[in-house]
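Here are my notes for your first read of this structure. Keep the sequence beside you and check each point as you go.

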Amino acid sequence: ATTTAGDMLRSPATVDGVRFSLTRKTLVVEHPFWRVRAQSTYGYPNYGQLRMNVAITPRYAVDFDRVAPHGLLGQTFDRSNCTAVFGKRDDYSRHVKGEFTTSAWAEGAIEGVATDYLVTSPFATRFTFSRHGATFAPPRAVASLAGARKGPGCARGRWDPAGGLARLVDGLNFQGHDLKHAPRITSATMCYKACTATPPCRAFTFIKDAKAPAARRCWLKRAGYTDAGILSAGTISGILSRADISKQAGE
């Protein structure tokens, strides 16, 4: 399907599950997992010169993704406990006149150097730190970066692909891919055990609110559950370990 700028000006358009909308100088692209907002401006720090500001926001529980986001932008979603890492930056002072040549390439805040992220063609996916096609990949090693750090830090759950009862994640909600809801469940441990006893359950989400109906507090999930994980203070989620799945299959 082909969508023109005129189509987006008249109304939001959706192509292959991706929604586009254009309002004056702002383009918004929404994928089930990500939202990108691009806005053109003539303002600070380069008055009178056209530039583009881009904001990228995850729409899912990126902290619990089996394959951590990657690339120059993606690696900033690195589960670093709310601590920002600052690399080398240029001084775009409004008082600088004439042509300005950048010299900073975020050294200190990215894995390797900028040239490690070069690809051979516009649609190529392979570069030094590429994770395309991977089934599991941890985030960058923040502790090894040389850039300055700033931020309050915060407690976040950690996604562990090993699964099992010892690796339940408080604050994670798997949405969709429901197999069934297990009745008379009053704890996350009971929900986990219900999943192990119910093929082909692979994961579950337990609602912590004791006022919720007991018949709808434990939601068992099929494969594909990670596609729609979100952060939620009122839930606990977990996945089965390989040993759990083997036992479930009678192996």
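1. Cys195 is buried, and Cys201 is buried too. The two form a disulfide, with their sulfur atoms 2.0 Å apart. The torsion about this S-S bond is about -105°, so the disulfide is left-handed. Keep in mind that this is a predicted model.

2. How many disulfides does a search of the whole structure find? It finds 2. A disulfide is a covalent bond between the sulfur atoms of two cysteines. Besides the pair in point 1, Cys191 and Cys218 form a disulfide, again with sulfur atoms 2.0 Å apart. This pair links distant parts of the chain: Cys191 sits in helix H3 and Cys218 in strand S11 (residues 218-221), 27 residues apart. The torsion about the S-S bond of Cys191 and Cys218 is about 85°, so this disulfide is right-handed. Cys191 is buried, at a relative accessible area of 0%. Cys218 is buried as well, at 0%.

3. Now look at helix H3, residues 188-196. Which of its residues are buried? They are Ala188, Cys191, Tyr192, Ala194 and Cys195. These residues cover an arc of only 160° around the axis, which puts them on the same side of H3. An α-helix has 3.6 residues a turn, so residues three or four places apart point the same way.

4. Next, the salt bridges. The structure holds 4. One of them pairs Glu30 with Arg19, the closest N and O atoms being 3.2 Å apart. It links distant parts of the chain: Glu30 is in strand S3 (residues 26-30) and Arg19 in strand S2 (residues 18-23), 11 residues apart. Arg19 is partly exposed, with a relative accessible area of 34%.

5. Asp170 and Lys208 also meet in a salt bridge through their side chains (2.9 Å, N to O). Asp170 lies in strand S8, and Lys208 in the loop between strand S10 (203-207) and S11, so the pair ties together parts that are 38 residues apart in sequence. Asp170 counts as partly exposed, at 48% relative accessibility. Lys208 is partly exposed, at 31%.

6. Asp178 forms a salt bridge with Lys221, and their closest N and O atoms are 2.4 Å apart. Here too, distant parts of the chain are linked: Asp178 is in strand S9 (residues 178-182) and Lys221 in strand S11, 43 residues apart. Asp178 counts as partly exposed, at 34% relative accessibility. Lys221 counts as buried, at 3%. Elsewhere, salt bridges that share partners join Arg19, Glu30 and Arg35 into one network.

7. Return to strand S8 (residues 169-174), where Leu172 lies. Leu172 is buried, with a relative accessible area of 1%. Leu172 and Phe206 are 34 residues apart along the chain, and their C-alpha atoms are separated by 9.4 Å.

8. Then the surface. Met52, Val54, Ile56, Leu72 and Leu73 make a nonpolar patch of about 470 Å². Strand S5 (51-58) and helix H2 (71-74) are the elements that give two or more residues to this patch. Which one gives the most? S5 does, with 3 residues. Val54 has its place in S5 and counts as partly exposed, at 49% relative accessibility.

9. Last, the aromatic rings. A search of the whole structure finds 3 aromatic pairs. Tyr117, Phe127 and Phe129 form one aromatic cluster.

Conventions. Residues numbered from 1 in each chain as written. Predicted model: local features only at pLDDT ≥ 70, side-chain atom pairs only at ≥ 80, totals over all residues. Heavy atoms only, no water. Buried < 20%, exposed > 50% of the residue type's maximum accessible area, 1.4 Å probe, protein only. Helix = DSSP H or I, 4+ residues; strand = E, 2+ residues; numbered from the N terminus. Arc of directions from axis to C-beta. Patch = residues over 30% accessible without salt bridge, like charges linked within 9 Å, V, L, I, M, F, W, Y side chains within 5 Å. Areas by Shrake-Rupley, 256 points an atom, 1.4 Å probe, with all protein chains shown as cover. Disulfide = S-S within 2.5 Å. Phe/Tyr/Trp six-rings, centres within 6.5 Å; stacked < 30°, edge-to-face > 60°.
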